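Student: Please examine one part of this model closely, beginning with the packing of its helices and then moving to the strands beside them. I would like each term to be given with its cut-offs.

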Amino acid sequence: MPTTDAATIRDLLCRVRTIALVGASDKPNRPSHDVMAYLQGRGYRVIPVSPRLAGGELLGERVYRSLADIPEAVDMADLFLAPGRVPPVVGEAIERHIPVVWMQIGVIHPDAAEQAEQAGLTVVMDRCPRQEIPRLGVPPVQTGN
């Protein structure tokens, strides 16, 4: 069952440092673009994932085609996808041992969530970190530690 406990969500947002944002958009009016910029402003490293934009740059970060293509460790995969596109991305998160899969508001896929949890990943579903961070009083990420 996806995590809904406020203390658990706050704790994971305090521990996460590097986020792969799957479904990144270069359009400033899109929620994924806004959330990426917000998370960067809070000190998180956000790596955009978008097959359409792969190889380019978005908000100062190189864009990758898939989670599998990111050459470094990722703490959380934040999914801005239609629910039907979630299962293969969750499969990549499991293969990469990404500890947290976060499905954005409206991104609901109970079977993929169960698969991730059975593999030992923490799942947050139908929530947005941009809303949860201020609601839960999550401090900005401290860099250089």
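Tutor: Helix α2 (residues 31–41) packs on helix α5 (residues 129–136) with the axes 9 Å apart and an angle of about 40 degrees. Axes here are lines fitted to C-alpha atoms, for helices over the stretch in contact, and angles run from 0 to 180 degrees between N-to-C directions. That angle makes α2 oblique to α5; angles under 35 degrees count as roughly parallel, over 145 as roughly antiparallel, 65 to 115 as roughly perpendicular and the rest as oblique. Helices (H or I, at least four residues) and strands (E, at least two) are DSSP runs, numbered from the N terminus.

The model is predicted: local features need pLDDT of at least 70, side-chain atom pairs count only at pLDDT 80 or more, and totals for chains, interfaces and linings use all residues. Residues are numbered from 1 along each chain as its sequence is written, and side-chain values use heavy atoms, with hydrogens and water left out.

In contact terms (heavy atoms within 4.5 Å), D34, V35, Y38 and L39 of α2 meet P129, R130, I133 and P134 of α5. The residues of this contact comprise six nonpolar, no polar and two charged. Ala, Val, Leu, Ile, Met, Phe, Trp, Tyr, Cys and Pro count as nonpolar, Asp, Glu, Lys and Arg as charged, and the others, Gly among them, as polar.

Turning to the strands, β1 (residues 18–22) is largely enclosed by the rest of the structure, because five of its five residues are buried, that is, under 20% relative accessible area, with exposed meaning over 50% and partly exposed in between (1.4 Å probe, protein chains only). In a regular strand the side chains alternate between the two faces of the sheet. Both faces of β1 are covered, with T18, A20 and V22 on one side and I19 and L21 on the other.

Strand β1 pairs in the parallel sense with β2 (residues 45–49) over five bridges; pairing requires that DSSP find at least two bridges between two strands. The bridge partner of A20 in β2 is I47. The chain passes from β1 through α2 to β2 in a right-handed β-α-β crossover, meaning that, with the strands pointing away from the viewer, the path from the first strand over the helix to the second runs clockwise. Strand β1 also runs parallel to β5 (residues 76–79), joined by four bridges, and I19 has M76 as its bridge partner there.
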